[in-house]
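User: I would like to learn how to read the packing of helices and domains in a structure of this kind. Could you take me through the general idea of each feature and then through the case at hand?

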Amino acid sequence: MSPEIERAAAILRAGGLVAFPTETVYGLGADAANPAALQRMYAVKGRPRDHPVIVHVAWAEQLDELALDVPDVARVLADACWPGALTLVVRKRPTCVADEATGGLPTVGIRVPDHPIASALLEAFGGGVAAPSANRFGKVSPTTAQHVRDDLGSDVDVVLDGGPCTLGVESTIVDVTGAEPVILRVGGVSEERIAALVGRRLARRTAGEIPAPGTRASHYAPNARVEIVSAAGAAERAAALRSDGLRVGVLDTDVGPAQYARVLYARLREADLDGLDVVLAVAPDDDGGLGSAVLDRLRRAAAR
Ligand code: TXA
Ligand code: MG
């Protein structure tokens, strides 16, 4: 194992914060069983205490170490999708995950990320690592180590650099604690894939995540205003805004949903660095996969 990974695992054991790459976005990791470390992570993130985070583990077998009464549907999804961009919300085992990680909820979101550096870190550490995306609360998620450094600076003890994230949007979240499993967030694993594994299409219950307008800063938002437009309407809208003297950037769907997802957060960050007033984002198809994930993040970025 590399000295850098050894050192990062030691920092986690000592209650420190380690930012690490995953295939989705960079995470801000803390020992999921250490209340003091979790409190510091919430403080650095600027995240409300009642907002639960995802716990990351090295192996799918650790599901039963952290969860109680794991239903068969969760095992089917974990076997097929882990390591990967799927988070399962399950009933938590009280001793292994601190209440501070789950906002006091009796459930916990668990994921096995598919990234060599994340895997090495989680194997070296051994236990669960609670990690929200490594950005300040309400801001754009980081997809490079530099994004993390720009956001968190010296508030994080170490940033492991794995280059740009390959997926670029967060994991799909499936809650299996109810009578019927539901999708809480669309993301890296498509709804088609989940439907094929479960044997039926799951309902989306993603509205609950959206904060009521005006109550707090929206998720995933740059400083520039984000407007969602159709491909046909983009050029005309851009011209109208520019004639009002506004600086406008356009995100286009030509690249396909996978590339759109990969570059989305970097483009939103660049919009702020370039001092743009408005980002016109052409809506991708709500395809149940990365198109839906991008559309969901764009709607949140636009909702303020
Ligand atoms: O791809 C990802 O999931 C990334 C990487 C770092 O793994 N993580 C991530 O974490 O996106 P975060 O904290 O930015 O988003 C976690 C989401 C939140 O929307 C939270 O509400 C939901 O997961 N969540 C976590 N635990 C939950 C629980 N017990 N019940 C319901 N929702 C939960
Ligand atoms: Mg986040």
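User: At what angle do H4 and H7 pack, and how far apart are their axes?

Analyst: Two packed helices are described by the angle between their axes and the distance between the axes. In this predicted model, helix H4 (residues 72-81) and helix H7 (residues 191-198) pack at an angle of about 125 degrees, with their axes 10 Å apart. Helices (H or I, at least four residues) and strands (E, at least two) are DSSP runs, numbered from the N terminus, while axes are lines fitted to C-alpha atoms, for helices over the stretch in contact, and angles run from 0 to 180 degrees between N-to-C directions. Angles under 35 degrees count as roughly parallel, over 145 as roughly antiparallel, 65 to 115 as roughly perpendicular and the rest as oblique; H4 and H7 are therefore oblique to each other.

User: What is the handedness of the crossing of H4 and H7, and which residues meet there?

Analyst: A crossing is left-handed if the near helix is turned anticlockwise from the far one by less than a right angle, and right-handed if clockwise; that of H4 and H7 is right-handed. With contact meaning heavy atoms within 4.5 Å, Val73, Val76, Leu77, Ala80 and Cys81 of H4 meet Arg193, Ile194, Leu197 and Val198 of H7. By class, this contact has eight nonpolar, no polar and one charged residues, where Ala, Val, Leu, Ile, Met, Phe, Trp, Tyr, Cys and Pro count as nonpolar, Asp, Glu, Lys and Arg as charged, and the others, Gly among them, as polar.

User: Which conventions should I keep in mind?

Analyst: Residues are numbered from 1 along each chain as its sequence is written, and chains are lettered from A and ligands numbered from 1 in the order in which they are written. As the model is predicted, local features need pLDDT of at least 70 and side-chain atom pairs count only at pLDDT 80 or more, whereas totals for chains, interfaces and linings use all residues; side-chain values use heavy atoms, with hydrogens and water left out.

User: How do H1 and H5 cross?

Analyst: The axes of helix H1 (residues 3-13) and helix H5 (residues 116-125) come within 9 Å and cross at roughly 55 degrees, so these helices are oblique to each other, and their crossing is right-handed. Ile5, Ala8, Ala9, Leu12 and Arg13 of H1 meet Ile117, Ala120, Leu121, Ala124 and Phe125 of H5.

User: How is the chain divided into domains, and how much area is buried between them?

Analyst: Domain bounds come from an automatic or database domain assignment, which here gives domain 1 (3-204) and domain 2 (225-302). Contact involves 23 residues of domain 1 and 17 residues of domain 2. Buried area is the accessible area (1.4 Å probe) that two parts lose on being put together, summed over both; between domain 1 and domain 2 this is about 1500 Å², of which carbon and sulfur atoms give 52%.
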